[in-house]
Amino acid sequence: VRRALAFGFSLAELSVVLRERERGAPPCRRVRALAEQKLASIETRLRELTELRGDLKALLGADCVAAA
């Protein structure tokens, strides 16, 4: 459970997976689908953060002109 939480799965998502397992259904498909969603979300966030990093570096490299 801790590892799943560290991967970004919510308690609600884990609850669904555990309920499926308790009913005797292997939750592999559900876990895979959730993992694919998490990965896509992380990749989107990484792109956004990379762009933000570039913007901040550009800002830090720009000459500031004091307002008169």
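A: Happy to! A word on classes to begin with: Ala, Val, Leu, Ile, Met, Phe, Trp, Tyr, Cys and Pro count as nonpolar, Asp, Glu, Lys and Arg as charged, and the others, Gly among them, as polar. Please keep in mind that this is a predicted model.

The largest pocket has a volume of about 200 Å³. Its lining is made up of Val1, Ala4, Phe9, Leu14, Val17, Leu18, Arg21, Pro27, Val31 and Leu34. Two or more lining residues come from each of helix H2 (11-22) and helix H3 (28-61), and H2 gives the most, with four residues. Sorted by class, the lining holds nine nonpolar residues, no polar ones and one charged residue.

Now to the two helices themselves. H2 and H3 pack at an angle of about 160°, and their axes lie 10 Å apart. Angles over 145 degrees count as roughly antiparallel, so H2 and H3 are roughly antiparallel to each other. The crossing in which H2 passes H3 is left-handed. On the H2 side, the contact is made by Glu13, Val16, Val17 and Glu20, and on the H3 side by Arg30, Val31, Leu34 and Lys38. By class, this contact has four nonpolar, no polar and four charged residues.

Notes: Residues numbered from 1 in each chain as written. Predicted model: local features only at pLDDT ≥ 70, side-chain atom pairs only at ≥ 80, totals over all residues. Heavy atoms only, no water. 1 Å grid on protein atoms, 1.4 Å probe; cavity = no way out; pocket = protein on both sides within 12 Å on 5 of 7 lines; lining within 4 Å. Points joined across faces, edges and corners; volume = space filled by probe spheres on them. Axes fitted to C-alpha atoms, helices over the stretch in contact; angles between N-to-C directions. Parallel < 35°, antiparallel > 145°, perpendicular 65-115°, else oblique. Left-handed = near helix turned anticlockwise from the far one by under 90°. Contact = heavy atoms within 4.5 Å.
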